[in-house]
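Here is a colleague's note to read beside the model. Please keep the sequence and the structure open while going through the points.

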Amino acid sequence: MIGRPRSLRPSGRGEPVRRTLLGVLAGVAALLATGVTAAPASAAPEPGTTAPSAQERARAFWTPQRMREATPLDVLSVDRSDVRAAAPRKGRTTVIAPTASASGVGPLAIPHSGGPWSGGGAVVKTAGRVFFTYQGRTASCSGNAVTSANKSTVLTAGHCVKMEGAWHTNWVFVPGYHDGQAPYGTWTASKTLSTPQWTASEDINYDIGAAVVAPLDGKKLTDVVGGQGLAFNTGYNKAMYAFGFPAAAPYDGSKFIYCSGTTYRDFLLSSDHGLTCNMTGGSSGGPWFTQFNEATGTGLQSSVNSFKYNFLPNAMYGPYFGADAQNLYQSAQSS
């Protein structure tokens, strides 16, 4: 185990929440203190599975007003005396090409520590906000549609699908989110998954989640928004771009933010990638890309926004996509 966090304090409204989550989660991910109680979901036949009736309730629950009123809570703090965990399992280098359509844009600055993405391209359709309920509170993260056999797979952070032993409910993905609007629809999860290590003990090295979303109006997700590529077991110290919808100050969840630069291996408590980036709560689960092409907005997803150390506010960390991340992707796309 890596981190024994202390307590979570609300940034505005709401009650303190005790956590056993490992590490400082970057987005814990815009847990909202709006006082709105979610419609209860039906009992699922197995963990992470959502019945069709519960999917319909989730889509109806997430009104534009509820999306706009998301208010994040403070992130957690880390005990510096925590023991380093084992490094993620490695495997063969694997690259999966994107299926997203390209559109021409101009080059932007690299490196960049955080600011609105103005380049356009495929990423503004494949990436989006994730909304769900957690312990009776509404919450948000970020996510991204990827190339997959079922054309229905979204990648996000592990804590954006399950936390403190409970799978989130009313889980939806809103690609291309803007100011409470869902230009490409609100896609409900039929199933959410995570790595075995996150599912069992919430190990921050494996903070990776996935969702299989149900068809919407007879269409599948990546037929509508496209899908980014993926890369597994490609090493450290890479040029990467990170994207998300941070909702904690100075952001408010309404803008699509990016960071870019050369990553490094975390030298403190995890085996994650590190990147200079000032994104805040709500960005958790947003994609990190290698071989990202600013001209088309396409790349190979190689990590997700996962956590920040409270004593390093300008650094973001994302899990290494090794063998277990690849197995998670295979399980999701075959579901």
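**Notes on the predicted model**

1. Start with one facing pair. Trp 288 stands opposite Ser 303 in strand E19. The strands behind this pair are E18, residues 287-293, and E19, residues 298-304. They run antiparallel and share 5 bridges. Helix H6, residues 323-333, packs on the sheet, where it touches E3 and strand E13 (229-232). The direction of H6 makes about 145° with that of E13.

2. Now the whole sheet. It is open, has 7 strands and shows mixed pairing. The order reads E3-E13-E19-E18-E14-E15-E4. Which strands stand at the edges? They are E3 (94-96) and E4 (112-116). Each has a single partner strand, so one side of each is left without a neighbour in the sheet. On average, neighbouring strands are turned by 30° against each other, direction ignored.

3. Confidence needs a word, since this is a predicted model. The average pLDDT of the protein is 80, and 76% of the residues score at least 70. Residues 1-24 have pLDDT below 50. That stretch still makes 91 contacts in the model beyond near neighbours in sequence. Residues 102-107 also stay under 50. For them the model has 14 contacts beyond four places in sequence. Where pLDDT is low, the predicted coordinates should not be read in detail. I would ask that any figure mark both stretches.

4. Next, the disulfides. How many does the structure hold? There are 2. With the bonded cysteines numbered in sequence order, the pairing is 1-2, 3-4.

5. Take the link of Cys 141 and Cys 160. Their sulfur atoms are 2.1 Å apart. The angle about the S-S bond is -80°, and the link is left-handed. Cys 141 sits in strand E6 (residues 137-145), and Cys 160 in the loop between strand E7 (153-156) and strand E8 (162-163). The pair links distant parts of the chain, 19 residues apart. Is Cys 141 buried or exposed? Cys 141 has 0% relative accessibility and therefore counts as buried. Cys 160 is buried too, with a relative accessible area of 0%.

6. The other link joins Cys 259 to Cys 277, S to S 2.1 Å. This one is right-handed, with 65° about the S-S bond. Cys 259 lies in strand E15 (residues 257-262). Cys 277 lies in the loop between strand E17 (273-276) and E18. The two cysteines are 18 residues apart, and the pair links distant parts of the chain. Both Cys 259 and Cys 277 are buried. Strands E15 and E18 belong to the 7-stranded sheet of point 2.

7. Strand E5 deserves a look. Why is E5 described as largely enclosed by the rest of the structure? Because 8 of the 8 residues of E5 (residues 127-134) are buried. E5 pairs with E6 in the antiparallel sense over 8 bridges. Within that pairing, Thr 133 has Thr 138 in E6 as its bridge partner. The hairpin of E5 and E6 has 2 residues between the strands, and Gln 135 there takes a positive phi near 50°. E5 also pairs antiparallel with strand E10 (residues 169-175), over 5 bridges. Here Phe 131 stands opposite Val 172 in E10.

8. Where is Ser 194 found? Ser 194 is in strand E11 (residues 187-194). Its relative accessible area is 11%, and with the cut-off for buried at under 20%, Ser 194 is therefore buried. Leaving out residues up to four places away in sequence, Ser 194 touches several residues, including Trp 167, Tyr 206, Ile 208 and Leu 328. Ser 194 and Ala 325 are 131 residues apart in sequence but 8.7 Å apart in space, C-alpha to C-alpha.

9. Last, the overall figures. The protein has 6 helices and 20 strands. Of its 335 residues, 59% count as buried. Among contacts with a separation of 6 or more, 74% come from residues 24 or more positions apart.

How values were computed:
Residues are numbered from 1 along each chain as its sequence is written. This is a predicted model: local features need pLDDT of at least 70, side-chain atom pairs count only at pLDDT 80 or more; totals for chains, interfaces and linings use all residues. Side-chain values use heavy atoms; hydrogens and water are left out. Two strands pair if DSSP finds at least two bridges between them. Helices (H or I, at least four residues) and strands (E, at least two) are DSSP runs, numbered from the N terminus. Axes are lines fitted to C-alpha atoms, for helices over the stretch in contact, and angles run from 0 to 180 degrees between N-to-C directions. Contact means heavy atoms within 4.5 Å. pLDDT is the predictor's confidence in each residue, from 0 to 100. A disulfide is a pair of cysteine sulfur atoms within 2.5 Å. Buried means under 20% relative accessible area, exposed over 50%, partly exposed in between (1.4 Å probe, protein chains only).
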